[in-house]
Amino acid sequence: MTSQNVKYKSGIIVLVGRSNVGKSTLLNALVGKKIAPVSPLPQTTRQPVQGVLTTKEGQLVFVDTPGLFKGLKDHLTGRINQTIKDSMEGVDLVLYVVDPTRMVGEEELALLGMVRPLPIPKLLVMNKNDVGDAPYREDYKDLREDFAATVEVSTLTGSGLNTLVRECFHHVPEGFMWYPPEEKTNIARAQWVAEMIREKLYYYLHKELPYTATVRVEEIKERDNTMLYIRAVVVTTDARYRKMIIGHGAQKIKEIGTAARKELSLALNQPIFLDLTVEVDPHWMEREG
């Protein structure tokens, strides 16, 4: 695996930060492949997603976590916030991602309270260094004493990503390869497909969509060795939300399905037939919690 004079390093690295600071986009950029859904809406990520970067120096396993979401008291939000706490156990390094265009607020302070006591190295990752007039950059720099290093990056331009990778390798221990070199994620194909569809669901419904919808992939199979058939269901909690997702003349669900099919076809490099329907299940959040 390594030469006699080179130490192989590996580590589990968790990305934390409040909602919509760019953690999923950062994960995708570090790994070089879209494995986590991206949306301008908070709570796009609901479960930890692992992305793997393998180099000659070693292997870094990045764990994307949901953003902390204060103010809501529903079952799903409580489960998501608990997931953040659980994800920070047993890791080697924390990347604390911040957005200097947003002021330090209640969510930031709550997350800092979780991160500060951790007895492991922590890096402050300031996203959006391409924004020259980020009004709160200095406020976040004041937090540097809690972190082993500060790295400014831009997930839009790729600036600073190489520096961040070097810092990660500097702070993780010697170890072994967790995944085969060609692996990019731990996500099963069905889960990844569901996440890509859910991303399009958020994109096309913008702020209209309540956080009461999920996607279940029920079947994936090859057809005639040329096309991949995917049957998926959008599940929501109320009939009025189902109507919203379908849209007038089924136009909205067609837009969502077309966009998802095109991205899946490009990513999987084969034609896709996406059979997408919408169902109502008032208790899906409780069952999945």
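Predicted model: local features only at pLDDT ≥ 70, side-chain atom pairs only at ≥ 80, totals over all residues.
1. **Six-stranded sheet.** Six strands make up an open sheet of mixed pairing, arranged in the order S2-S3-S1-S4-S5-S6. Its edges are taken by strand S2 (49–54) and strand S6 (149–152); each has a single partner strand, so one side of each is left without a neighbour in the sheet. On average, and with direction ignored, neighbouring strands of this sheet are turned by 25 degrees against each other.

2. S2 is joined to strand S3 (residues 58–64) by six bridges, and the two run in the antiparallel sense. Within this pairing, Thr 54 has Gln 59 of S3 as its bridge partner.

3. Helix H3 (residues 106–115) lies across strand S1 (9–16), strand S4 (93–98) and strand S5 (122–126), and runs at about 170 degrees to S4. Helix H5 (residues 161–171) also packs on the sheet, with contacts to S1, S2, S3, S4, S5 and S6. The direction of H5 makes about 105 degrees with that of S3.

4. **Nonpolar cores.** The largest nonpolar core comprises 52 residues, and those with the most contacts inside it are Leu 26, Leu 60, Phe 62, Leu 95, Leu 164, Cys 168 and Ile 197. Helix H6 (residues 189–205) gives the most to this core, contributing seven residues.

5. **Surroundings of Leu 95.** When residues up to four places away in sequence are not counted, Leu 95 touches Ile 13, Val 14, Leu 15, Val 16, Phe 62, Leu 123, Val 125, Leu 164 and Cys 168. Of these, Phe 62, Leu 164 and Cys 168 are also listed among the residues with the most contacts inside the largest core.

6. **Three-stranded sheet.** A further open sheet, again with mixed pairing, consists of three strands in the order S7-S8-S9. Strand S7 (213–223) and strand S9 (272–280) stand at its edges with a single partner strand each, so one side of each lacks a neighbour in the sheet.

7. S7 and strand S8 (residues 227–236) run antiparallel and are joined by ten bridges; Lys 221 stands opposite Tyr 229 in S8. Helix H7 (residues 239–246) lies across S7, S8 and S9, at about 150 degrees to S9. Helix H8 (residues 251–268) packs on the sheet by touching S8 and S9, and its direction makes about 140 degrees with that of S9.

Notes: Residues numbered from 1 in each chain as written. Heavy atoms only, no water. Pairing = 2+ DSSP bridges. Helix = DSSP H or I, 4+ residues; strand = E, 2+ residues; numbered from the N terminus. Contact = heavy atoms within 4.5 Å. Axes fitted to C-alpha atoms, helices over the stretch in contact; angles between N-to-C directions. Core = buried A, V, L, I, M, F, W, Y, C linked by side-chain atoms within 4.5 Å. Buried < 20%, exposed > 50% of the residue type's maximum accessible area, 1.4 Å probe, protein only.
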